Amino acid sequence: MDSLRSEIVTEARAWLGTPYVHQASCQGGGCDCLGLIRGVWRAVLGAEPALVPPYTADWSEAARLETLWSAARAHMQERPDNDARPGDVLLFRMQRGAVAKHLGILTRAGSAPAFIHAYSGHGVVENSLSAPWARRIVACFSFPEGTN
């Protein structure tokens, strides 16, 4: 694993145990899945690339907009999800036909893949990327290199 990817995974693990707080992005204080990605970005790459406007828990479901997917495409490099590597950001569609609105960071690939995410009711946790999670992946992104 290259040094940037290793740094991303190490930083994501530093957030383990952070409570789930909608719209927050404070290590140890609280975050949601986007807040985790934002916090890792700040720690590893520096300033965030854009301000995040307020958002509701249902994101863009009513309007059927893929807002989170579009933002990830604007600020990260999209990669084939079948070639995800540790340090990549995974985008999940939690329900069939719904917009994609959950993010996690792959920490282990291969025969026992795992990822870190902030999950309502659980906080920031590292879970096995089991089949129920893996089948929800709709996109994969790499953090940009050389931004700080």
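Student: In S5, which residue is the bridge partner of Leu90?
Tutor: The model is a predicted one, and in it strand S4 covers residues 89-92 while strand S5 covers residues 102-108. These strands pair in the antiparallel sense over 4 bridges. For Leu90, the bridge partner found in S5 is Gly104.

Student: In the hairpin of S5 and S6, which residue takes a positive phi?
Tutor: The hairpin has 5 residues between its two strands. A positive phi, near 85°, is taken there by Gly110.

Student: How many of the residues of S5 are buried?
Tutor: A residue counts as buried when its relative accessible area is under 20%. By that cut-off S5 is mostly covered, and of its 7 residues the number buried is 6.

Student: How many aromatic pairs does a search of the whole structure find, and is the pair of Phe92 and Phe115 stacked, tilted or edge-to-face?
Tutor: The search finds 5 aromatic pairs. In the pair of Phe92 and Phe115 the ring centres are 5.3 Å apart and the planes stand at 40°. Planes under 30 degrees apart would count as stacked and those over 60 as edge-to-face, so with its planes at 40° this pair is tilted.

Student: How many residues apart in sequence are the parts that this pair of Phe92 and Phe115 ties together?
Tutor: Phe92 lies in strand S4, whereas Phe115 lies in strand S6, which spans residues 114-119. The pair therefore ties together parts whose separation in sequence, in residues, is 23.

Student: Does Phe115 count as buried or exposed?
Tutor: The cut-off for a buried residue is a relative accessible area under 20%. Phe115 has 0% relative accessibility, so the residue counts as buried.

Student: What is the angle between the planes in the aromatic pair of Phe92 and Trp133?
Tutor: Phe92 and Trp133 are both buried. Their rings lie 5.4 Å apart, centre to centre, in a pair that is edge-to-face. The angle between the two planes is 75°.

Student: Which residues do ring pairs link into a cluster?
Tutor: Phe92 lies in strand S4 and Trp133 in helix H4, residues 131-134, so their pair ties together parts that are 41 residues apart in sequence. The cluster that ring pairs link together consists of Phe92, Phe115, Tyr119 and Trp133.

Student: Within what arc do the buried residues of H3 fall, seen down its axis?
Tutor: Helix H3, residues 67-75, has Leu68, Trp69 and Ala72 buried. Seen down the axis of H3, these buried residues line one face of the helix, because they fall within an arc of 100°.

Student: Against which helix do the buried residues of H3 pack?
Tutor: The buried residues of H3 pack against several strands, including S3 (77-79), S4 and S8 (137-142). They also pack against a helix made of residues 33-45, namely H2.

Student: What radius of gyration does the protein chain have?
Tutor: The protein chain has 4 helices and 8 strands, and buried residues make up 45% of its 148 residues. A compact globule with 148 residues would have a radius of gyration near 15 Å.

Methods
Residues numbered from 1 in each chain as written. Predicted model: local features only at pLDDT ≥ 70, side-chain atom pairs only at ≥ 80, totals over all residues. Heavy atoms only, no water. Buried < 20%, exposed > 50% of the residue type's maximum accessible area, 1.4 Å probe, protein only. Arc of directions from axis to C-beta. Contact = heavy atoms within 4.5 Å. Phe/Tyr/Trp six-rings, centres within 6.5 Å; stacked < 30°, edge-to-face > 60°. Pairing = 2+ DSSP bridges. Rg over C-alpha atoms; globule rule 2.2 N^0.38 Å.
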